[in-house]
Each structure stands twice: as C-alpha cells, then as structure tokens.
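Please look over the chain shown below. A short report on its fold, surface and contacts follows.

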Amino acid sequence: MNQGLYEELVTKLINYKINELDKDTFQIKKTSIDKAEASQLLSQHIGKVIK
C-alpha cells in the first residue's frame, strides 16, 4: 500500500514508541491486517476512546 508522507511519519513514530517499551513489562504482537480490517479496528478503538 502506498502511503503519504503523513502516514509514513505516523507509522515511524508508532514503531519508535513500540520499540522503546520495556519488553519485560509489555508483550507486543504484530500482525498484518487488510484495509477493511484496519478501518474496523480503528473505528472500534476510537469508539472506546470517545466513550
């Protein structure tokens, strides 16, 4: 998927922050998701934050 400059910067920042986390405290699992699944997960997350 081609990303714009903004998306690329956000992705790099998220990766940087994840790599800074203490591996003994946090368990991080990365998996690939498709575009439809990404929008569903994002909307679920935003919905929880708004509540």
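In which helix does leucine 41 lie? Leucine 41 lies in helix H2, which spans residues 35–50. The model is a predicted one. Leucine 41 has a relative accessible area of 40%, so this residue is partly exposed. Between the C-alpha atoms of leucine 41 and lysine 17 there are 20 Å in space. In sequence, these two residues are 24 residues apart.

**Overall form**

The protein chain has two helices. Along the principal axes, the C-alpha atoms fill a box of roughly 30 × 30 × 20 Å.

How much of the protein chain counts as buried? The share is 0% of the 51 residues. A residue counts as buried under 20% relative accessible area. The protein chain exposes about 5200 Å². Carbon and sulfur atoms supply 57% of that area.

**Charges and the salt bridge**

The protein chain carries 8 positive and 7 negative side chains. The centres of the two sets lie 4 Å apart. Side chains of opposite charge can pair when their charged atoms come close. How many salt bridges does a search of the whole structure find? The search finds one. Its partners are lysine 12 and glutamate 8, with 3.3 Å from N to O.

Where do the partners sit? Both are in helix H1, residues 5–20. Lysine 12 and glutamate 8 are four residues apart there, so about one helical turn separates them. Lysine 12 counts as exposed, because its relative accessibility is 52% and the exposed class begins over 50%. Glutamate 8 has 35% and therefore counts as partly exposed.

Together with Val10 and Ile14, Tyr6 forms a nonpolar patch on the surface. The three residues of this patch have about 310 Å² of accessible area together.

Asparagine 19 is another residue found in helix H1. With a relative accessible area of 53%, asparagine 19 is exposed. From asparagine 19 to aspartate 34 there are 15 residues in sequence. Their C-alpha atoms are 23 Å apart in space.

The table gathers the relative accessible areas of the residues discussed here.

| Residue | Relative accessible area | Class |
|---|---|---|
| Glutamate 8 | 35% | partly exposed |
| Lysine 12 | 52% | exposed |
| Asparagine 19 | 53% | exposed |
| Leucine 41 | 40% | partly exposed |

Lysine 12 and glutamate 8 meet in a salt bridge.

How values were computed. Residues are numbered from 1 along each chain as its sequence is written. This is a predicted model: local features need pLDDT of at least 70, side-chain atom pairs count only at pLDDT 80 or more; totals for chains, interfaces and linings use all residues. Side-chain values use heavy atoms; hydrogens and water are left out. Buried means under 20% relative accessible area, exposed over 50%, partly exposed in between (1.4 Å probe, protein chains only). Accessible areas come from the Shrake-Rupley method with a 1.4 Å probe; for residues, only the protein chains shown count as cover. Lys and Arg count as positive and Asp and Glu as negative; His and the chain ends are not counted. The place of a charge is taken as NZ of Lys, CZ of Arg, CG of Asp or CD of Glu. A salt bridge is a side-chain nitrogen of Lys or Arg within 4 Å of a carboxyl oxygen of Asp or Glu. Patches are made of residues with over 30% relative accessible area and no salt bridge: like charges are joined within 9 Å, nonpolar side chains (Val, Leu, Ile, Met, Phe, Trp, Tyr) within 5 Å.
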